[in-house]
Amino acid sequence: MGAPTANNKKKKLRYADPATFLPHFAWKKSPRGKAVFAEGVTLDEAAKKTGTPVYLYSQAAIHDAFRELDHGLAGIPHTLCFAIKSNGNRALLQMLAAMGGGFDAVSGGEIELLRRAGVPGQRIVFSGVGKSREEIREALRYPASGKNGRPGILLFNVESEAEMDVLLAEAACVVRHPSDAPAVSIRVNPDVQAGGHPHISTGHHQHKFGMDLAAARRLYLAHRDSRHIRWEGISAHIGSQVLSLAPFRKALQRMAAFVRDLRGEGIFLRYLDFGGGLGVRYTDQKPPSRADYAHMVREIVRPLGVHLLLEPGRSIVAQAGVLLTRVLYVKENRGKTFVIVYAAMNDLMRPALYGAVHAITPVTRAKGAASATLRRVDIVGPVCETGDCFLHDWPLPPVQSGDVLAIWCAGAYGMSLASNYNMRLRAPELLVSGKRAKLIRRRETYNDLFRADCNLG
Ligand SMILES: *Cc1c(COP(=O)(O)O)cnc(C)c1O
């Protein structure tokens with residue numbers, strides 16, 4: 001056995017139960033004791049009905065997060081361009097589009113997804129440090145509105161001089177009149193240190209993202225009078241899971257000064273795209289609220305008189321989603337207890353990729369069950385990698401085969417990073433609204449898995 005139960009009884013749970021702090025999730029009375037609800041749906045029943053693993057999102061949680069940012073920016077012209085890479089479920093994108101959202105795409109695949117979801121080009125910004133010529137070409141032809149209208153996405157965020165050359169060459173092929181020239185911005189690197197983990201910090205001068213201000217200035221000036229592109233914006237994205245306002249403020253002030261500097265050169269930018277990156281509470285983090293972040297941004301941007309674009313991903317969807325899994329087996333090995341669950345690193349890669357901690361709890365509590373008998377266990381998936389471990393020494397009440405566990409705050413960079421590693425089928429996704437749970441992506445089948453394979457000879 002691990003550390004004796006007697007000790008653990010005295011130790012507090014290291015982290016608060018997410019059902020106690022996440023909006024729209026809560027423990028409530030159920031016929032057999034207590035159960036975790038997402039809005040009006042119990043996680044246990046949803047999991048048993050759909051099978052596990054399954055991602056489940058609360059529509060109200062996504063809605064409220066989006067509105068909180070949106071309201072915080074009231075009074076200045078703005079568009080929230082949801083970062084698709086954080087969660088690319090088509091139904092979720094349609095829901096955000098219906099709320100007035102735009103989108104930040106970082107690949108041709110994401111642009112194609114938007115096309116299929118019916119999103120007009122005027123709601124799309126295209127970012128990415130390595131856009132291919134084909135991706136640029138496709139994006140240049142994306143209709144601004146309607147299906148066959150004039151082409152035009154909201155903004156191309158260019159990240160290098162070399163990319164600029166390709167964009168100019170491709171634009172020259174499609175632009176017949178200067179008023180058709182694509183709207184372009186430069187992604188600058190404001191050189192601030194920010195981001196929750198070395199792999200998701202992007203705005204420091206040693207990172208691959210963006211251009212430093214001096215190089216960006218030269219590029220703006222070099223193409224000031226271009227007939228094939230129009231300078232319409234400036235953009236930045238300083239990192240992800242940023243937990244304080246200070247680096248945001250510093251970066252934004254640098255950008256504001258730069259926008260004014262360009263005005264002196266006769267370049268008047270319409271858009272300031274400040275990227276995403278606002279952190280969220282997974283366990284015990286204390287990020288600024290969406291409202292405080294929005295107010296800070298608003299106060300710096302307002303006097304500039306530009307249209308603000310933000311590209312939030314995590315701060316909109318992370319807390320709105322859980323990954324539900326069943327327990328397969330519990331086993332003891334050299335004094336350690338392993339809870340083997342059916343979800344794995346291919347379903348949720350963040351623990352293996354970033355060492356991210358996602359709290360895990362049961363989703364039901366039987367009547368009269370002593371809630372204090374926690375013991376420390378390792379919660380692991382079935383994939384053949386030692387890294388396929390969700391949590392080490394995590395306090396969990398006794399569980400058995402078939403029990404459903406919730407892996408919390410998995411709405412962002414969960415399903416979007418999922419793979420078929422070990423030939424595992426990717427999980428389905430459910431969207432809860434009130435008492436209803438709607439399937440918004442079905443579980444993959446073995447046919448899906450082998451569809452692209454070719455036989456030898
Ligand atoms: C990843 C990314 C975002 C979203 O970041 P979050 O931390 O999820 O808000 C926004 N913009 C760009 C360019 C990105 O690469």
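## Ligand site

A polar contact is a pair of N or O atoms within 3.5 Å; within protein, one of the two must be able to donate a hydrogen and the other to accept it, and residues adjacent in sequence count only if both atoms are side-chain atoms. In this predicted model, local features need pLDDT of at least 70 and side-chain atom pairs count only at pLDDT 80 or more, whereas totals for chains, interfaces and linings use all residues. Residues are numbered from 1 along each chain as its sequence is written, and side-chain values use heavy atoms, with hydrogens and water left out.

A polar side-chain atom of serine 240 lies 2.3 Å from an oxygen atom of the ligand, and a polar backbone atom of glycine 277 lies 2.8 Å from an oxygen atom of the ligand. A nitrogen atom of the ligand is 3.3 Å from an N or O atom in the side chain of aspartate 104. The protein covers 94% of the 390 Å² of accessible area that the ligand has on its own (Shrake-Rupley method with a 1.4 Å probe; for residues, only the protein chains shown count as cover).

The ligand is surrounded by 14 residues, of which the closest are Lys85, Ser240, Glu311, Arg314 and Tyr413; a residue is near a molecule or strand if one of its heavy atoms lies within 4 Å of it. By class, this shell has 3 nonpolar, 6 polar and 5 charged residues, where Ala, Val, Leu, Ile, Met, Phe, Trp, Tyr, Cys and Pro count as nonpolar, Asp, Glu, Lys and Arg as charged, and the others, Gly among them, as polar.

## Helix packing

Helices (H or I, at least four residues) and strands (E, at least two) are DSSP runs, numbered from the N terminus. Axes are lines fitted to C-alpha atoms, for helices over the stretch in contact, and angles run from 0 to 180 degrees between N-to-C directions. The axes of helix H9 (residues 245–264) and helix H10 (residues 290–301) come within 10 Å and cross at roughly 20°, which makes H9 roughly parallel to H10 (angles under 35 degrees count as roughly parallel, over 145 as roughly antiparallel, 65 to 115 as roughly perpendicular and the rest as oblique).

Helix H8 (residues 213–222) and H9 have axes that come within 12 Å and cross at roughly 30°, so H8 is roughly parallel to H9. Helix H6 (residues 133–140) and helix H7 (residues 161–174) pack at an angle of about 45°, with their axes 10 Å apart, and H6 is therefore oblique to H7.

## Backbone details

The peptide bond from threonine 52 to proline 53 is cis, with omega near -5°, and proline 53 lies in the loop between helix H2 (43–50) and strand S4 (54–58). Arginine 334, in the loop between strand S13 (321–333) and strand S14 (336–341), has a positive phi near 45°.
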